Amino acid sequence: MKDFNLPPDNWSDFMKKIFERALTKKVLVFCQEGHGRSGMVAAEFYKLSGGKENPVTWVREKLCKFCFDNELQEAFILNDTKRVEELQSADKESYILGWIR
C-alpha cells in the first residue's frame, strides 16, 4: 500500500488471515513512519477483535493521535463508502494538504 492511499481490494481477506495468525503467533505491524498504514492495520485488528468503540478514536487514544495519514484512510476504516468516494473524486493533493493544515 502506498503512502496516503487506501489498501488494495484484497484488504479484508488479507487482514482476516493476519488477524487469525495473530491469535496464535506474534505479528509485527510496521510501516516507514509508523502512521497511516500501521494505524489502518491497528484499527482493522481492533474491529476484528470485536471492539465496540470508534476504531479511529480507539487507535488514536491507544497508539498515536497521528495514526492515520488523512481523512480518506479514516473514512475507509469507518466503512464510510460515500465519504471515500467523495474524497477520491476530489483532488488528491487537496485532501492530503487539508489534513496536514
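Helix α2 has twelve residues, and the distance from its first C-alpha to its last is 16 Å, close to the 16 Å expected at 1.5 Å a residue. The model is predicted, and the chain averages a pLDDT of 84, with 87% of the residues scoring at least 70.

Is α2 largely enclosed or largely open? Ten of its twelve residues are buried, so α2 is largely enclosed by the rest of the structure. The buried residues are Arg37, Ser38, Gly39, Met40, Val41, Ala42, Ala43, Glu44, Phe45 and Tyr46. The cover over them includes α1, α3 and α4. After α2 comes glycine 50, which has a positive phi, near 95°.

**The nonpolar cores**

The largest nonpolar core has 13 residues, and Val59, Phe68 and Ile77 have the most contacts inside it. At least two residues of this core come from each of α1 (11–22), α2 (37–48) and α3. The helix that gives the most to this core is α2, with five residues. A second, separate core has five residues, including Leu6, Leu72, Val84 and Leu87.

| Residue | Contacts |
|---|---|
| Valine 59 | Gly39, Ala42, Ala43, Cys64, Cys67 and Phe68 |
| Cysteine 64 | His35 and Val59 |

Where is cysteine 64 placed? Cysteine 64 is in the loop between α3 (55–62) and α4 (71–77). Is cysteine 64 buried or partly exposed? Cysteine 64 has a relative accessible area of 22%, so this residue is partly exposed; buried would require a value under 20%. Cysteine 64 and glycine 39 are 25 residues apart in sequence, and their C-alpha atoms are 8.4 Å apart in space.

**Confidence along the chain**

Which part of the chain has the lowest confidence? The lowest is helix α6 (residues 92–100), at a mean of 56, and the highest is α3, at 94. Where pLDDT is low, the predicted coordinates should not be read in detail.

Conventions
Residues numbered from 1 in each chain as written. Predicted model: local features only at pLDDT ≥ 70, side-chain atom pairs only at ≥ 80, totals over all residues. Heavy atoms only, no water. Helix = DSSP H or I, 4+ residues; strand = E, 2+ residues; numbered from the N terminus. Buried < 20%, exposed > 50% of the residue type's maximum accessible area, 1.4 Å probe, protein only. Contact = heavy atoms within 4.5 Å. Core = buried A, V, L, I, M, F, W, Y, C linked by side-chain atoms within 4.5 Å. Expected span 1.5 Å × (residues − 1). pLDDT = per-residue confidence, 0-100. Lists of a residue's contacts leave out its neighbours within four places in sequence.
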